[in-house]
Amino acid sequence: MARFAPLTLIAALAFGLGTAPAAAAPPAARDPAPTTFTADEAEAQAALVDMEDQRLVQTRAALTALLQTGGIEAAQRKQPQVFVSSHGRTLVLPARNTNAPYTLRDLAAVEKGRYVRQMKDGSVLLGIHVFVADGARLQLRGPLTLRMGSLPGSFSSIVTFGGSIEIKGTAKNPVRITSWDVRTQQPDRSTVDGRAYIRAVGGEFEMAYAQVSDLGFWSGRTGGIALTGTERPASAYRHRTKAQRHQDKAKRLAANNNPDKGGGNFGDVETIPVGPGTASHVLADELVSGSIKNSVITGDAFGLFVSGSNQTQIIDNKIVDSLVHGVFMHRFAKNATIEKTEVIGSGGDGFVLSRATEKVRVTDCLAQGNGRNGFTVNGRALAQGPSASGESLAVYGDSSINSSIARDNGRYGIEVLGGSRLAVQTSEIIGGDMGIVVREGASGVQISGNKLTNQRRQAIALRDGATGAHVAGNTIKGTTTGIYLRDSDGTVVGNKVTTITDPKAHGITVVGQADGSEITRNTLIGSGTSAISIARSSGKLNKHNNDEDGWKDTSTFWVKAKRYVKPMNVIWACVLLLVIVSAIRSRGIMERRRRGKIRDPYELQKPMEERPLMLLRHAARGQDQSENTAPVPMPGRASRHRPPAHAGSTPTIGGRG
């Protein structure tokens, strides 16, 4: 497993100072860091992340203990100084008694420039971890090229824990920051042994007109540029000037007078109403706030990682070739604004609004050529039941994607997972396996005014228990299935769907339980199996006033028959057929009778001939049978039988004689 060796970086800096760094490789020649690792490599990186966490905690605790002693010793500690621990050397910048920020000149003055040196080409090489303490402020202004030392087993970082970091250039004079391997005179593009990064833990972070490249490894908090809150309590010691204390008081009074915020103790705790779409209580002082504007970030592990933040602004940025995700809004990031930001070529998703994020608005952004989704919005609860951490079961929501573009991403254009009151509006999705996918029980999702083209399977899909969705006013072209509902319900109204010519094409398909759904006033154009397929759906579904004139039905006879051959349909069809047949037969009989064409059924039969009753007598014993067989005619009746040749006794009918 790789070990952290701080002296390696210092020695390399010492021997490499006489050589001017070579220019970075052009973008076309980039050799991206690997995104898959062996088990040993993964374990080594995870161990380095843990060591970084321990180093920060130890540094913070040591500084707090020193400042609490008071007196001359504490006053002497309010100067830049180096802390040494088993996890490396850290240049600590304590809070000052004034508002003056620290600059690179202050860092270069520590130990006569041992850790911060200016190179012959004008760049500055950083060879140590920098810790901006609670109440302190580090300012990096352009024009500036900062190369953060990053060697196998040793790297530098800039981290604030409750303080402030300002990285500000101009359009003509940006701040350029990159990792740097002094041995190869190139940016460090291997993350296996750790890599330089920038992080704000609580406090404030501002970056404008910066060009950042090849930072970060393994985790979000060490992923490149990370803005994270913390669940640890604030420092026991916090030096504040008189002006700062007055500002704190004004903020507390403003917070207490704000009816939209919950109560609290002197502004220390922000109380958020409990209910759907709410987060857990978070220490207000430990939420990070910040802005990243007009910057370019290339080749970081995570382009931007934000968690535990409030009102973060990400505006007018370009993020290219991130190893994992481009913009990752993690837990308890709320009230954020993401505008006019492009994420291109990330290994994972372009933009991610993860679980426990809420009220994040994404507007006029581009996600193109990313390995997975262009945008992912996850509003699911942090837990499904009792959990070790006791997380709430509430879902999250009130986030939206507006007027944005997802183009040719590896999986979906936009995926919505769970949550409530989420929206995708007036956006354009081009290519991908599917366009907009809503699943995992999301409720009340609004999908309206979007344009979707050339998806391989489905343009809009509501699946796996999505409820109360509203799909309206979308334009869909060049896909096999325009709108697909599976075990979900919603209102599909006013959409225009133009599919490709395919025997299996459908304008709208409904499968499974869709009780309460409504499909109305949609225009369906194309050629395929059916314009609206509901044969495999169940539940009450209202389908009416859809325009199917532009649809050419290419289904076979048996396919058409299957649409209507259902048990109840068959029963009613038989009943109706029986009524029709009976009516036809009845009408035909009456017509023939009226025209005299009905014949008497007995007219061809002869009447029966009446003849006299014949009495038969029994033959006497001992006499010849033939003598007693002559019939005796009844009086008044004629007989067809010839009289017998000899006379005999006349037997009585039925008698023995």
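At 39% relative accessibility, Asp121 counts as partly exposed, where partly exposed lies between buried (under 20% relative accessible area) and exposed (over 50%), computed with a 1.4 Å probe and protein chains only. The model is predicted, with local features requiring a pLDDT of at least 70 and side-chain atom pairs a pLDDT of 80 or more, whereas totals for chains, interfaces and linings use all residues. Residues are numbered from 1 along each chain as its sequence is written, and side-chain values use heavy atoms, hydrogens and water being left out.

Asp121 forms a salt bridge with Arg147, the closest N and O atoms being 3.5 Å apart; a salt bridge is defined as a side-chain nitrogen of Lys or Arg within 4 Å of a carboxyl oxygen of Asp or Glu. This pair links distant parts of the chain, since Arg147 belongs to strand β7 and Asp121 to the loop between β3 (116–118) and β4 (124–126), 26 residues apart. Helices (H or I, at least four residues) and strands (E, at least two) are DSSP runs, numbered from the N terminus. Arg147 is buried, with a relative accessible area of 9%. Arg147 also lies over the face of Trp180, at 4.1 Å from the ring centre. For such a contact, NZ of Lys or CZ of Arg must be within 6 Å of the ring centre and within 35 degrees of the ring normal. In a further contact of this kind, the charged end of Arg96 sits over the ring of Tyr102, 3.9 Å from its centre.

Across the whole structure, 19 salt bridges are found. One of them joins the side chains of Lys168 and Glu206, with an N to O distance of 3.0 Å. Here too distant parts of the chain are linked: Lys168 is in strand β10 (residues 164–168) and Glu206 in strand β13 (residues 204–208), 38 residues apart. Lys168 is partly exposed at 28% relative accessibility, and Glu206 is partly exposed at 27%. The side chains of Arg439 and Glu415 meet in another salt bridge, at 2.7 Å from N to O. Arg439 lies in strand β37 (residues 434–439) and Glu415 in strand β34 (residues 412–417), so the pair ties together parts that are 24 residues apart in sequence. Both Arg439 and Glu415 are buried. Arg411, Glu415, Arg439 and Glu440 are linked in a network of salt bridges.

Aromatic contacts were examined next. Rings of Phe, Tyr and Trp (its six-membered ring) pair if their centres lie within 6.5 Å, and planes under 30 degrees apart count as stacked, over 60 as edge-to-face and the rest as tilted. By this rule there are eight aromatic pairs. Among them, Phe302 and Phe305 form an edge-to-face pair, with 5.8 Å from centre to centre and 75 degrees between the planes. Phe302 is buried at 9% relative accessibility, and Phe305 is buried at 8%. Phe155, Tyr197 and Phe217 form one aromatic cluster.

Strand pairing was assigned where DSSP finds at least two bridges between two strands. Strand β41 (residues 469–472) runs parallel to strand β44 (residues 490–493), and four bridges join them. Within this pairing, His470 stands opposite Thr491 in β44. Strand β44 also pairs in the parallel sense with strand β47 (residues 517–520), over three bridges, and Val493 stands opposite Thr520 in β47. Ile519 lies in strand β47 and is buried at 1% relative accessibility. The C-alpha atoms of Ile519 and Val492 are separated by 4.8 Å, although these residues are 27 residues apart along the chain. Ser517, also in strand β47, is buried at 3% relative accessibility. Ser517 and Lys543 are 26 residues apart in sequence and 8.5 Å apart in space, C-alpha to C-alpha.

The peptide bond from Gly142 to Pro143 is cis, with omega near 0 degrees, and Pro143 is placed in the loop between β6 (137–141) and β7 (144–151). Ser403 is not a glycine, yet has a positive phi of about 50 degrees; Ser403 is in the loop between β32 (400–402) and β33 (405–407) and is partly exposed, with a relative accessible area of 34%. Thr426 likewise has a positive phi, near 45 degrees. Thr426 is found in the loop between β35 (423–425) and β36 (428–430) and is partly exposed at 46% relative accessibility.
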